[in-house]
Amino acid sequence: MGYSAVELDNGAACLAGMAGEARRRAGSNYLLDNRWFPPTAYVREEAGSLEEGRIRAVILMPAGKGWIVDILLDGVETEAVFPSLPAFVRDEAEARDKAFICLCALYQTIFARRVAEHGDGGLPTRPFDLMGHTLRVTGGMQVRAGLLVEYFGATDDATAPAALLRSAAEPFVIEGRFSTERWLAAKSGERALVYFHAAALLREGVDVMPLPDRDPMPRQREAPASRA
């Protein structure tokens with residue numbers, strides 16, 4: 001489908017406007033394994049071989065009684081990647097939703113390939129002391145955390161791994177202590193979130209987070225004193 005220079009420019013601006021949030025949502029979907037959002041429902045397996053730089057534009061344009069939504073890729077036919085695009089939908093809001101979901105699926109699929117390529121990175125399983133409860137963080141989890149932080153990134157102190165870990169762990173602190181019972185009863189996605197932020201801190205050299213009433217911030221373990 002051919003588009004004018006103006007339509008392509010508008011499509012590039014539309015992509016720029018939604019790409020950042022789509023990448024963040026893709027990271028969340030991948031991390032929590034949200035089965036309600038299977039990427040394969042929106043992108044074909046071949047999408048994993050792409051890179052983000054090949055996404056050129058998101059075209060949203062009125063056509064008759066509805067809207068067209070199309071995502072343009074360099075060197076690849078849209079239909080070869082997205083099973084239901086170019087799509088014809090009822091209104092602009094629906095068109096934006098469709099484009100956003102497809103972008104999320106594409107970013108998530110590309111990221112999953114990167115994780116698979118890195119494996120465990122040769123890293124050993126490491127312990128993390130979370131408020132007196134020991135987490136065993138595998139090498140693969142440390143690699144995924146590093147890639148996610150690099151790929152999706154923290155934007156300020158509130159989205160830094162330390163703040164996010166404390167927030168994710170808050171439901172497990174009951175009457176001033178970490179509740180193993182609550183931890184074991186939690187959903188796998190809730191535990192995965194805690195493991196991810198702990199793994200991100202391990203990548204920064206931090207392996208302890210005390211209870212909040214003891215120390216407001218995580219810290220690195222002190223190196224043992226050298227002997228003369």
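The questions and answers that follow set values against definitions.

This is a predicted model in which local features need pLDDT of at least 70 and side-chain atom pairs count only at pLDDT 80 or more, while totals for chains, interfaces and linings use all residues. Residues are numbered from 1 along each chain as its sequence is written, and side-chain values use heavy atoms, with hydrogens and water left out.

Q: Why is the pair of Phe-172 and Trp-183 called edge-to-face?
A: Rings of Phe, Tyr and Trp (its six-membered ring) pair if their centres lie within 6.5 Å, and planes under 30 degrees apart count as stacked, over 60 as edge-to-face and the rest as tilted. The ring centres of Phe-172 and Trp-183 are 5.1 Å apart and their planes stand at 70 degrees, so the pair is edge-to-face.

Q: Which parts does this pair tie together?
A: Phe-172 lies in the loop between helix 5 (161-169) and strand 6 (173-174), and Trp-183 lies in helix 6 (residues 180-185), so the pair ties together parts that are 11 residues apart in sequence. Helices (H or I, at least four residues) and strands (E, at least two) are DSSP runs, numbered from the N terminus.

Q: Why is the pair of Phe-178 and Trp-183 called tilted?
A: The centres of these two rings, Phe-178 and Trp-183, are 5.9 Å apart and the planes are at 50 degrees, so the pair is tilted. Phe-172, Phe-178, Trp-183 and Tyr-195 form one aromatic cluster.

Q: Is Trp-183 buried or exposed, and why?
A: Buried means under 20% relative accessible area, exposed over 50%, and partly exposed in between (1.4 Å probe, protein chains only). Trp-183 has a relative accessible area of 5%, so it is buried, and Phe-178, with 7%, is buried as well.

Q: What makes strand 2 (residues 66-73) largely enclosed by the rest of the structure?
A: Eight of the eight residues of strand 2 are buried, so the strand is largely enclosed.

Q: How do you know that strand 1 (residues 55-63) and strand 2 pair?
A: Two strands pair if DSSP finds at least two bridges between them, and strands 1 and 2 are joined in the antiparallel sense over eight bridges. Val-58 has Ile-71 in strand 2 as its bridge partner. Strand 2 also runs antiparallel to strand 3 (residues 87-89), with three bridges.

Q: What places the charged end of Arg-23 over the ring of Tyr-107?
A: The rule asks for NZ of Lys or CZ of Arg within 6 Å of the ring centre and within 35 degrees of the ring normal. The charged end of Arg-23 sits over the ring of Tyr-107, 5.9 Å from its centre.
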